[in-house]
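Let's look at what lies behind some of the labels used for this model. Each answer sets a value beside the rule it has to meet.

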Number of protein chains: 2
Amino acid sequence: MKIALAQLNPTVGDFKGNTARILEYAKRAGEAGAELAVFPELAIPGYPPQDLLEDDNFLAHCQRSLDTIAQATAQPGMPAILCGTALESATRPGKRARNIAALCYDGKVQFIQQKMLLPFYDVFDEQRYFQPAESQSLVEFRGEVLAITICEDAWNDKDFWPERFYANDPVERLLDGSLPDGRKPTHMLNISASPYWEGKQQVRRSMIGAIAKRHGVPAAMSAQVGGNDSLLFDGASFVVNREGEAVAVAKSFEEDLLLFDTTLSHPQTVTPVVDGVEAAWQALAMGIRDYVRKCGFSKVLIGLSGGIDSAVVAALAVDAVGKQNVMGIGMPSEYSSSGSVDDALALANNLGIQCEIMAIRETFNAMDKALEPVFTGTPFGLAEENMQARIRGTLLMSVSNKFGHLVLTTGNKSEMSVGYCTLYGDMVGALAVIGDVWKTKVYQLAHYANREREVIPQNTITKPPSAELRPDQKDTDSLPPYEVLDPILQAYVERYESAEEIVTSQGVDRERVEQVLRLVERSEYKRQQAAPVLKVTAKSFGTGRRFPLAARIRQQL
Amino acid sequence: MKIALAQLNPTVGDFKGNTARILEYAKRAGEAGAELAVFPELAIPGYPPQDLLEDDNFLAHCQRSLDTIAQATAQPGMPAILCGTALESATRPGKRARNIAALCYDGKVQFIQQKMLLPFYDVFDEQRYFQPAESQSLVEFRGEVLAITICEDAWNDKDFWPERFYANDPVERLLDGSLPDGRKPTHMLNISASPYWEGKQQVRRSMIGAIAKRHGVPAAMSAQVGGNDSLLFDGASFVVNREGEAVAVAKSFEEDLLLFDTTLSHPQTVTPVVDGVEAAWQALAMGIRDYVRKCGFSKVLIGLSGGIDSAVVAALAVDAVGKQNVMGIGMPSEYSSSGSVDDALALANNLGIQCEIMAIRETFNAMDKALEPVFTGTPFGLAEENMQARIRGTLLMSVSNKFGHLVLTTGNKSEMSVGYCTLYGDMVGALAVIGDVWKTKVYQLAHYANREREVIPQNTITKPPSAELRPDQKDTDSLPPYEVLDPILQAYVERYESAEEIVTSQGVDRERVEQVLRLVERSEYKRQQAAPVLKVTAKSFGTGRRFPLAARIRQQL
């Protein structure tokens, strides 16, 4: 049997658009000879719908769209459709919704499998919305016996995850099971919406591969692609044979229709999986593109400081929405080096984007004067530094309000971790593009941007990082060099290591480690008012990381 | 037997402070003749610890503090202690932590009851952290047979909640059960951390009362009090007799030690429960006070526009932290009415707080000039309106940075709902004090503030609401009058009613309703970057309300 994995990029809540796209892909799959087209988890409402699932009207739309799709399978040339959606729960007490895979053919929903394992960690809140399945069963379809699972259902393998969240393993039970007539599963189909983080493609592949091999059953994962707010879905849907080897792989970071023949166990269409810095680049560009488009905007605005962060964001933005849709603004103060404006203009010139220069000195002086009643006699300090950043933020937002361009925030993960950024200043914007990228990694992105020709000026890459908010300021005045800082932060923020563990494993001075960790804890309030951060690591700032503010936290225990 | 309910106000993560306070209250309870002192849910780490629970070191602190408390019960004069904490889970697979009540006496932890029902809706994420109990059991203590439950365990009564989240009811099973020797429970003890919303005290009381009456078992609820970020805990711990009547009630909105005698079924210490506008006032004042104190600050800063919102926040702040710790700043523009500054100064004078006036005109002009390259030829509009609000935000933050005062945000729930507020402008601040108070309710708070003498100037209360960002602007230029707007918003935001339902139930023009609902949906991005909002209704903006941004949402379906 020929099966097509339809790797779609839905917009949350766009029932009309998503349904039309599902039917269009199904039709294409049918034309290519597929008997079954498999769509991602929650393909009808888009993933994640969040609290929209608490609205009865939203669930009614999910049901109506599923009915439309099921009816369409009666049309000549249409394949069967296996598709994810939310539906109202069939039973109570319990949560009002269920997360299901519906197998539709001959004009009807013929089989429904409810999701059993509902993730509720990091960015996932599924137990907030869904009632878990009480059982799972195999289903027969045109000679094949299918084991249908939904995303997390396949993420509890005891060999793969020594520390498991769930006692039961639905995959094991399904793949060890048989139909009443004794037939065993011939294929596992997993429909998923699995957010990207660096290296996750390999995790998915080896995990599903190991399951397939152990049970001797080929398996396919049909994945969502595209950006939805912070979450980036890389796609790369795939099929593994009974030896666990990939025999078909879809594109990364774009929609795709992947056909495979269940009778063949040798490689068919195998698109190379994008990884490393290229994957991060494509993920971020896709994140910008989809956020801008799905929010109904077309143009973006970036404050260009002449530094590497804003340069990388500008280059990503050009990749995402095209140079005609990117506008840069340079806003030098008296503390800006003369090179800064030149670097910003050179970047804009290399990228072919519009760039305006607006000096902030006069505004700063006027504001300083307004503050005289309370500031008189106080020395220039942090307040005056932040003031410059906030004047810039206000200028950016004013241009945004005037022309309807979306402001992209340019802070990196290292800065956001230690609070080396100004709330309502350089933190303004609709999307924190590189807020999950460590500064040391920002350099890798810059080199990637320059892979074919110099886009980011050499001087921007080589000069020492500086906020340029007071004379001759350098980041290293307040922080360890990024090669030292980033590994400390990574251990603390991403892996919950203690100061002691970090001192031991990294051989850094204890006082220095503790100073860094204190900065992380004291700046939590800034992160809670930050723009959504595009997630590219397993632990990013935002909804996947929830800390109290009015608390004694880790370094203060 | 005499039991004491120790209604504490813990700081999350302050193990040293919380443990000392628990021992101090236990000692006082012992001196008053109590044989058992009952503390709230998670009294040792404080509630809610959020992702701190994912840190092994945090759980180790929970264990060590519990050990310290248990050991202290060996000291002469110390009563037994029933106390909530988190501990590492005893079993896997599953979540790494459990939420427990530990009964300690004779120097040891003698009995542990794990929480069975873990809320995961609105602001609650407990399934993210905790493994639920697999069973519950009665425990014998000095002749009493205790049914110990933790908060949500008692919130699944089928008579009380027709639409239940959980299939099992641990209270029913415990109260219907008996010890192996056949003895029945003589008392239910519920330790809780139950966030305040308007009217919730009555819900708790009648729910626990109904349970006590049905089973003929007296019941006590020992509740946390105090503010932790957005969440406000009102306290009002209570005891009901077997007829379900309140026989002992602790104070609202402050710490208390409530003693009661299990042999008496008539009213003992019954503190009147604070409700209505007085409860909202006390809740908000407590929220400011605890946030400021627990974050390590002492002074607050408020932008005073002469309008009612900032006036109410200033009056609340004076109640919370004292007039010597409140500073106001008036920042008139050329569009401010002459009355505005007078009203702000009169308010400051009535409250006895420092107030500075800083005009923003010069800064505005300087900024307007900086924007000339792109603004030339465009008419004065939204960009220029927001610019004024952002200049004010920057001035406030500059003073905050200079002197270390915490900025209080003054926007109300009506404004936040429709986005009638400027991100990075009037939305700046550490805490959105009245962000969960509808504008019509803000007036009630103003009248409450003036209950003894005129604190908020009459003119502030009577003049038509205006943002004063362009000549002769009134809120009603863009919005329906608040008496019409608030009920629409309440239906939509708090109760998920559809446009149709609102039109039908409120008799408002459909176009007007849809326009309002569209404003709510389009301004979601502002709310996601807002300061934490003090929660006083069942559905407030913040972590209890999670919506996507890049989505077609309800009014666009």
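Two strands count as paired if DSSP finds at least two bridges between them. The model discussed here is a predicted one.

Q: How do you know that strand β10 of chain A pairs with β11(A)?
A: Four bridges join β10 (residues 225–228) to β11(A), and the two run antiparallel. The rule asks for at least two bridges, so the strands pair. As an example, A:Asn228 has A:Leu231 as its bridge partner. In the hairpin, two residues lie between the strands, and A:Asp229 takes a positive phi near 55°.

Q: What makes both faces of strand β11 of chain A count as covered?
A: In a regular strand, side chains alternate between the two faces of the sheet. Here A:Leu231 and A:Phe233 are buried on one side, and A:Leu232 and A:Asp234 are buried on the other.

Q: What does the side chain of B:Arg390 reach at 2.8 Å?
A: The backbone oxygen of B:Leu423. B:Arg390, in helix α11 of chain B, also touches residues of chain A, including A:Thr394 and A:Asn401.

Q: How do you know how chains A and B are related?
A: A rotation of 180° with 0.0 Å of shift along its axis superposes chain B on chain A, with an RMSD of 0.0 Å. The two copies are therefore related as by a two-fold rotation axis. In chain B, the C-alpha nearest that axis belongs to B:Gln529, 2.2 Å from it.

Definitions and conventions
Residues are numbered from 1 along each chain as its sequence is written. Chains are lettered from A and ligands numbered from 1 in the order in which they are written. This is a predicted model: local features need pLDDT of at least 70, side-chain atom pairs count only at pLDDT 80 or more; totals for chains, interfaces and linings use all residues. Side-chain values use heavy atoms; hydrogens and water are left out. A polar contact is a pair of N or O atoms within 3.5 Å; within protein, one must be able to donate a hydrogen and the other to accept it, and residues adjacent in sequence count only if both atoms are side-chain atoms. Contact means heavy atoms within 4.5 Å. Buried means under 20% relative accessible area, exposed over 50%, partly exposed in between (1.4 Å probe, protein chains only). Copies are superposed by least squares on the C-alpha atoms of residues with pLDDT of at least 70 in both. Lists of a residue's contacts leave out its neighbours within four places in sequence.
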